[in-house]
Every structure is written in structure tokens, then in C-alpha cells.
Amino acid sequence: MNEKAIITILLALIAMTGLAQKRLPALQYSKEPAVLSGRIIGNSPEKTESVRVRYNLKYTSGMGDASRQASAAVEADGRFSLSLPTGTTVDCRVTVGKCHFTCYVVPGQTVSFKLDLNKLQTQGLAKALKFSGQLADFNHDLVYATEQGIDPEAIYLDIEAKRNMGQLANELPEKSEQGYFHYLDSTYQRINELIDNDRKIGQAYREFAKAVNRYEWGAMMPFCGQSIQYAGIETDEEYDAFGARLKLRLDSYMQDDPWANSVLCYVMWSMPETFVDSYVSRPVKLPADYQQCHLATKFLEQMGVQKQLLTEAQKDSVRTFLPVLGQDVLDYNEQMERELSFVSEQGMSHVCTLPDNADDILAAILKPYKGKPVLLDLWETTCGACRLAFKDMHDKKKELAGRIHFVNIVSEYSDLATWQRLIPNYIGDHYRLTKQQLQALHCQIPCETNGVPIWVLINADGTIHHAFTGWRNVDDMMKEINLVLD
């Protein structure tokens, strides 16, 4: 091989290395787990028996299932391997004995490291850790920058902690709106300078860290009004003027569309609404990768936090717009369906209809039940709280059969096939109203009717005893029922 060919190959290798350095932990979706493996070598005052990992899913129901943990035993030769069903590319908090660090893993791929405990004690974490496999250079830079105090997320978390403790105002050069924003802007510039001035940091982490810095800087802006006492803001008009100035700052932040920057988009996980819904004047189009996680999160929160099951139309949307994450969302919905299902007593559920010419909807519903108390339950098939109430009250309804009538009402907003499938399990008489009939009934109920379930307790003489919205527990419901029974 001649000298020219050798030089050409070397230049190509250098170019490839440069490209590898620029490679970020690209957002990927996969059912295949991420693998974190490696080896612990050297001596330690404490025997290292396990490697523990904590990570968060980037899409979650909001019910605490975002936080995941995993651990693996360290073998006699120091080796370990962990399978992490992350679903997406994600950062992991790794704990080995008293040593902690963060690295990124990718579903379907392997990230490995070797930790030298002897070097850890004498030379620090960055030199004691050697990454290999996927994201090796990026993860090394992440550990190095964190050890050097160049981690933007940690710096802003420190600012947030001071704000929550009421200590931030003491550090401001001027205790005013201008002073706060000067402090925030100068922090943003200072962090970028730290990132640029340390030449040991590779291009991949440099670009990523600047994206984190920009995101955290923007996310801190809306907290301005909660941070310090602003001189001169005493009236609603002055506070509205401050809100308008804050909006202008956020609009300026968004003017070059940071969501179009795939790196910046990647780190904007915790508060997307800050930049999408609440403060920004113009519409913001989310990139496809983020949009999948964002939509999946919204559907899961609907089920997990709001206890609202998916409608048939929403299920179709999940299948259409979430080609990768959709099955997770549908599986969660199915899990809720199973948790809410149970078998009723035969013959205690009846489908009823109203006369077509009924002008007084409430009177028409109550007409067959004269002489006994009635509990109206306005619910919908997608309402998890409604269906939980049916399950919780099932045994009590059997006990009270013959003493009080249970009348269950849905509207045509509920899917007909789903309603027909569910009602055999639910004790009582069942009505399905049109939208117009439901609206007319709402006008006769003396409580808030924007949500479900809505409960209306009717005395034996037909007068309304109490009406209320929401489901708490069986004991509270029985206190109200006992009042009309007595």
C-alpha cells in the first residue's frame, strides 16, 4: 500500500471519528430493552455486590409509573448485565456502592462501562470510568462535564432550589424584575462559556449541553413572578402589564423555532406546555418524534390521572398517529378495563326507555319509582371513576334492593356497544339519553354538571334531597343514602 493510500485511509478514519463524536443519543423507540453491562474492577473498602439503575419513561400515565428501577448482581469477576425496558432513549442514574453517575441508553442496543475503583479513589470518576459500545464518547463527556460542574441541568436545579427556599432574591444584584432577568440571562451566558471554554468536551456533548442550557433558561422565565417581590406591582393592571412583558420574552425565546432543532427538542421533556400552550402567541408544531411521546403521554394521563378510558374514536387515533407507542397506550386502557370489570348478579340490571314526548325529563324518569327513594347516577362509559363507583357500590346495592331504586343514566356520547356490554354487570335500571335530553336533565339538577359521575338523591316524595358531582368512597355515599332511607 503506497503512502498516499495510507494517508487517505487515515483521513477517512479521522473524519469518521469526528462524525462519531457528533452523534447524540438519538431518540429511538423500540420494544427491545436497552442493555447496560460492564465490569467493576479494583479494590473498595466496601464490597460491591450490585449495580442499581433508576430511569424515567419519557411517556407516562402520570400515576407514578414514570419512575423505574432495576438492579443486577455483580459476579465474582466483577461483571454484570442489566436489561432495561425503557421504550425510548433515556438517561439513567447508575449507582455502584457510593458512586453515582448518569449515562444514556438506547432501546435495542448495548451501553457498556468499566469502573476502576482504585482510580475512583485517587483520580476521580471521569478517569475511573471507561465507556464502550453505543454512545461511549457522549457518555464519557457527560460524566466529565458533570464532575467539572458544567452540567446545565444541575446548575438550574440549584437555582430552583434557592427559589423554593426563598434564597434566590438575596443573590440578585437588584431585587427587581430587571434584576431577576439579568441574573437569568447572565447565568445562561456563563454556562455557554463554560461549555465552550473546556476543550476536552466533544462536539456531541457540547451541542447537547447547550440545548439543555437553552431549555432550562426558557423554562425558568415563567417562574419569575414567583421568585421575588417586584417593586411597584400593586394593582391588577400593573401585574397584567408584567405578564405581557413576560409573554414577549417567551415569544422572543421561540422566534427562531427551537422545536425545529432536533437536539433542543430532545431535551424538552418535562414542561412542553410552557412553550406550546400557555405563553407563546403563535402555533407551535411539534416534531414527529416528540409528537409521539407527547400524544402518548396525554392519552395515558387521561386514563391514569383523569380516570377517563379511551373512546372508540380515540382508539382509532392511537392506532393512526402512534405507530410505535400506540400498543402501550391501548394495553394500558385494556388493563384499566380489566381492573374495573366484575360479574353482577343475574336479573338485577334492566334497560329502560323514556316516552318520546317527555317534556319534563326528570319527572318522566322518576314516574315508575313513586313511593321509594331513588339514587340517580349520571355516568359515561369512558369515565373510570364512574365505573369504579359501580364496582365499589355493588355489594351495597344488593343489600339495599327493595328499599331504594338505583337509576343509571348515560348519554349518546357513550359508545352504544360498550354500554350494552357493560350494563349487565351494573345493578339498577339503565337509560340512554339523547344529547338534548341530557341537556334538559342537567337544567333540573341543582349542582355542577360539567363532569361525571353526577349523583342525585331523591326522597320518597319525589323531592331532591341532595345532588353532587364526583366519587369519593362507599362510606360517604352511604351517609347520604341513609339520610333518605331514614
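Student: Which elements have the lowest and the highest mean pLDDT?

Tutor: Helix α1, residues 3–22, has the lowest at 42. Strand β10, residues 374–378, has the highest at 98.

Student: Over which residues does pLDDT stay under 50?

Tutor: Residues 6–22. For that stretch the model has 9 contacts beyond four places in sequence. Where pLDDT is low, the predicted coordinates should not be read in detail.

Student: OK. How many helices and strands are there?

Tutor: The protein has 20 helices and 14 strands. Of its 486 residues, 47% count as buried. And if you take contacts with a separation of 6 or more, 67% of them are between residues 24 or more positions apart.

Student: On to packing. What is the angle between α4 and α8?

Tutor: About 60 degrees, with the axes 8 Å apart. An angle between 35 and 65 degrees counts as oblique, so α4 and α8 are oblique to each other. α4 passes α8 in a right-handed crossing.

Student: Which residues meet there?

Tutor: From α4 you have Phe138, Asp141, Leu142 and Ala145, and from α8 Ala204, Tyr205 and Phe208. By class, the contact of α4 with α8 has 6 nonpolar residues, 1 charged and no polar ones.

Student: And how do α7 and α8 pack?

Tutor: Helix α7, residues 177–197, packs with α8 at about 175 degrees, and the axes are 10 Å apart. The two are therefore roughly antiparallel.

Student: Which residues of α7 and α8 meet?

Tutor: On the α7 side: Tyr180, Leu184, Asp185, Tyr188, Ile191, Asn192, Ile195 and Asp196. On the α8 side: Arg206, Ala209, Lys210, Asn213, Arg214, Trp217 and Met220. The contact of α7 with α8 divides into 8 nonpolar, 2 polar and 5 charged residues.

Student: What about α17 and α20, parallel or antiparallel?

Tutor: Roughly parallel. Helix α17 (residues 384–400) and helix α20 (residues 474–485) pack at about 25 degrees with their axes 11 Å apart, and α17 passes α20 in a right-handed crossing. α17 puts in Asp392, Met393, Lys396 and Leu400, while α20 brings Val474, Met477, Met478, Ile481 and Leu485. By class that contact has 7 nonpolar and 2 charged residues, with no polar ones.

Student: Let's switch to single residues. Thr297: buried or exposed?

Tutor: Thr297 counts as buried, because its relative accessibility is 14%. Its place is in helix α13, residues 288–304. Leaving out residues up to four places away in sequence, Thr297 touches Lys58, Tyr59 and Thr60.

Student: And where is Leu330?

Tutor: Leu330 is in helix α15, residues 326–340. At 15% relative accessibility, Leu330 is buried too. Beyond residues up to four places away in sequence, Leu330 touches Leu310, Lys315, Val318 and Arg319. Leu330 and Leu309 are 21 residues apart in sequence, and their C-alpha atoms are 9.9 Å apart.

Student: What does Pro424 touch?

Tutor: Ser344 and Ser349, not counting residues up to four places away in sequence. Pro424 sits in the loop between α18 and β12 and is partly exposed, with a relative accessible area of 46%. The C-alpha atoms of Pro424 and Glu345 are separated by 8.6 Å, though the two are 79 residues apart along the chain.

Student: What is phi at Leu135 and Lys307?

Tutor: Leu135 has a positive phi of about 65 degrees although it is not a glycine. Lys307, also a residue other than glycine, has phi near 60 degrees.

Student: Where do they sit, and are they buried or partly exposed?

Tutor: Leu135 lies in the loop between β8 and α4 and is buried, with a relative accessible area of 9%. Lys307 is in the loop between α13 and α14, and at 34% relative accessibility Lys307 counts as partly exposed.

Key:
Residues numbered from 1 in each chain as written. Predicted model: local features only at pLDDT ≥ 70, side-chain atom pairs only at ≥ 80, totals over all residues. Heavy atoms only, no water. Axes fitted to C-alpha atoms, helices over the stretch in contact; angles between N-to-C directions. Helix = DSSP H or I, 4+ residues; strand = E, 2+ residues; numbered from the N terminus. Parallel < 35°, antiparallel > 145°, perpendicular 65-115°, else oblique. Left-handed = near helix turned anticlockwise from the far one by under 90°. Contact = heavy atoms within 4.5 Å. Nonpolar A, V, L, I, M, F, W, Y, C, P; charged D, E, K, R; others polar. pLDDT = per-residue confidence, 0-100. Buried < 20%, exposed > 50% of the residue type's maximum accessible area, 1.4 Å probe, protein only.
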